[in-house]
Amino acid sequence: MAIADAAGQLLWLCGSSTALRRAETVGFVAGSNWDERFVGTNAPGLALRLGQPTKVIRAEHFRQPVQSWSCAAAPIRDPATFELLGVIDITGGDEIAVPQVMALIRTTARLAETELARGRLMPPTLEGGSTSHARIHLDALGRGEALVTIDDARGHAGRLRLSPRHSELLVLLASAPGGLSGDELAVLLYEDDSGPSTLRVELNRLRRLLGEDLLASRPYQLNAEVTADWLSIEPLLALGDTAGALRSFRGPLLPRSSAPGVVRLREALTHQVRAAVLASARTDLMSTWTRSPWGADDYEVWGRQCELLPADSPLKALALGQLARLDAEFGA
């Protein structure tokens, strides 16, 4: 089962460990976006577009890797304003096609709306009882210390350079819109078995820095609309805009961080951009990649340029020279 917001971003998933591992292979993970504009026909995206319960069975999916799955989804609306808040989805095999599953998904969505009507899941409020419309933007690509821009929706705005540890914390929280428990955050943040007291101290310092209203606990999450430079790249890649993604990729995410969760995010994003550049077969994009500090020693991309460039291109001689340099330096 999965919950997505109104933009199609998956906030939370649960299921058997086997099913979750299979889902990871097609990118059906928390933080990914399943809007139809990015991944084609699928039940969560279709339910959001149509505003009604729907199911998509196997080959009806647009993407071939997803065609071994079936899914059913229903929208969740604000009971007071009827605003579309998100979608609930059940994904599995052929058993999803039976009518009982559609009845289950409709009932679950109605129960969620009932809970909202009872006020149990109301959004956080600021002084005077007004709903929070605070905004946080993070710049962390190619930077050792992130820059955070905050607009708290009360007339206070500013930009801060964060410490390396606070940079890691905000990157992890921004990448997990559904929130993280203290144990989850500790595993993602520390290479060793640092105690929970250390984490609480860091989070209290970060809360004082951002403002008391903007960092919630149980789970830890940001009470604001969050945007970030690294989060903008995956949608561009999904749309096939490799050139736009490469322009936005100003370097690896917090390149000096060794926090396990940041390392995983950094490597995943860098590999996605690099793979898209290689798959594009565009020598101009490959040249941009190899001119960067992070791509200067990328033997495979230099080699691919050599294959694609015409024999009389001056760039071919440059690529051949770089390949010779790398052969000499690394003893190939």
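Biologist: In what order do the five strands of the open sheet run?
Modeller: The order is β2-β1-β5-β4-β3, and the pairing is antiparallel. Keep in mind that this is a predicted model.

Biologist: Which strands stand at the edges?
Modeller: β2 (10-13) and β3 (54-57) do. Each has a single partner strand, so one side of each lacks a neighbour in the sheet.

Biologist: What does the twist average from one strand to the next?
Modeller: It averages 20°.

Biologist: How many bridges join β3 to β4?
Modeller: Four bridges join β3 to β4 (residues 70-77), and the two run antiparallel.

Biologist: And which residue stands opposite I57?
Modeller: S70, in β4.

Biologist: Which strands does helix α3 lie across?
Modeller: Helix α3 (residues 43-50) lies across β1 (2-5), β3, β4 and β5 (84-92). Its angle to β4 is about 35°.

Biologist: Switching to aromatics. How many pairs are there?
Modeller: The count is three aromatic pairs. In one of them, F28 and W34 have ring centres 5.1 Å apart and planes at 80°, so this pair is edge-to-face.

Biologist: Are F28 and W34 buried or exposed?
Modeller: F28 is buried, and W34 is buried too.

Biologist: What about F249 and W294?
Modeller: They form an edge-to-face pair, with 5.7 Å centre to centre and 90° between the planes.

Biologist: Where do F249 and W294 lie?
Modeller: F249 is in the loop between α9 (242-248) and α10 (260-280). W294 is in the loop between α11 (283-290) and α12 (299-308). The pair therefore ties together parts that are 45 residues apart in sequence.

Biologist: Is F249 buried or exposed, then?
Modeller: F249 counts as buried, because its relative accessibility is 3% and the cut-off is under 20%. W294 counts as partly exposed, at 33%.

Biologist: Which residues make up the ring cluster?
Modeller: Ring pairs link F249, W289 and W294 into a cluster.

Biologist: What lies over the face of W69?
Modeller: R22 does, at 4.2 Å from the ring centre.

Biologist: Last topic, confidence. What is the mean pLDDT of the chain?
Modeller: The mean is 86, and 90% of the residues reach 70 or more. Among the elements, α10 has the highest mean pLDDT (95) and strand β8 (residues 157-161) the lowest (77).

Biologist: Where is the pLDDT below 50?
Modeller: Over residues 119-131. Beyond near neighbours in sequence, that stretch has 16 contacts in the model. Where pLDDT is low, predicted coordinates should not be read in detail.

Conventions
Residues numbered from 1 in each chain as written. Predicted model: local features only at pLDDT ≥ 70, side-chain atom pairs only at ≥ 80, totals over all residues. Heavy atoms only, no water. Phe/Tyr/Trp six-rings, centres within 6.5 Å; stacked < 30°, edge-to-face > 60°. Buried < 20%, exposed > 50% of the residue type's maximum accessible area, 1.4 Å probe, protein only. Lys NZ or Arg CZ within 6 Å of the ring centre and 35° of its normal. pLDDT = per-residue confidence, 0-100. Contact = heavy atoms within 4.5 Å. Pairing = 2+ DSSP bridges. Axes fitted to C-alpha atoms, helices over the stretch in contact; angles between N-to-C directions.
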